[in-house]
Amino acid sequence: MQRSSSTELLSHYDSDVKDQKPEHRKSLMFRLHHSASDTSDKNRVKSRLKKFITRRPSLKTLQEKGLIKDQIFGSHLHTVCERENSTVPWFVKQCIEAVEKRGLDADGIYRVSGNLATIQKLRFIVNQEEKLNLDDSQWEDIHVVTGALKMFFRELPEPLFPYSFFEPFVEAIKKPDNNTRIETIKSLVQKLPPPNRDTMKALFGHLTKIVAKASKNLMSTQSLGIVFGPTLLRAENESGNMAVHMVYQNQIAELMLSEYSKIFDSEED
């Protein structure tokens, strides 16, 4: 019974198809052909995408061909310095020079935030172009320059004080005797990789000039320690004692500033 019923259904279906008007049959054939064509197109697209993904050039290849410029922001310090054949990034030098030329007396220098959109614009230009003129009127607000410099240090994949030096610096600042603290930190600084040590020397030397004008810019050693401590020095894996770390970070930055001449000046260049 069931087999007979199936045969009858097929017979009826064939009869219906034959009875259909020519235009209906054409429409059905078009839809079937269109569906098959869609599937074929999708397969071709998938195949081409797969080939593109497997054959696409690496970032290094694009950089070597000059299609993508090497980034300054977000790159490791030693990578930037190696590219520039220097131990202090060119951008850091440019910012320091600009601030010392027209920003030492600025109220709240390094504490006051510049316009974020303008800072991002500066960041983009630095990453895309080789030449930068910080005397240009679009960078007239010195807080944009200081904001960009802080952003550069904040975006380093590894901070200016390398992760492996975090605990030794913290242990050094804990020492009760001030002379011992200074000598221990001086010894640690001398063990740093040249780009870290020289950039640190350039930055803190610059910040001592900010402190020297504290009566005008209202930025004391303590104020700058609060601004730069967490930016320059942080643990690789932050745990529950972040507040304690922050105290030590600030204190280390303060000591580097207040005892700059003892920590850096006797170093051999």
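Tutor: Leucine 218 sits in the loop between helix 11 (214-217) and helix 12, where helices are DSSP runs (H or I, at least four residues) numbered from the N terminus. Its phi is near 60°, a positive value in a residue other than glycine. Most residues other than glycine have a negative phi. Leucine 218 also counts as exposed, at 53% relative accessibility (exposed is over 50% relative accessible area, buried under 20%, partly exposed in between, with a 1.4 Å probe and protein chains only).

A quick word on the ground rules: this is a predicted model, where local features need pLDDT of at least 70, side-chain atom pairs count only at pLDDT 80 or more, and totals for chains, interfaces and linings use all residues. Residues are numbered from 1 along each chain as its sequence is written, and side-chain values use heavy atoms, with hydrogens and water left out.

Now on to helix 12 itself (residues 221-232): its axis comes within 7 Å of that of helix 13 (residues 242-258), and the two cross at roughly 125° (axes are lines fitted to C-alpha atoms over the stretch in contact, with angles from 0 to 180 degrees between N-to-C directions). That makes helix 12 oblique to helix 13; under 35 degrees would be roughly parallel, over 145 roughly antiparallel and 65 to 115 roughly perpendicular, with the rest oblique. On the helix 12 side, the contact (heavy atoms within 4.5 Å) includes Thr221, Leu224 and Ile226, while Met246, Ala253 and Leu257 are among the residues from helix 13.
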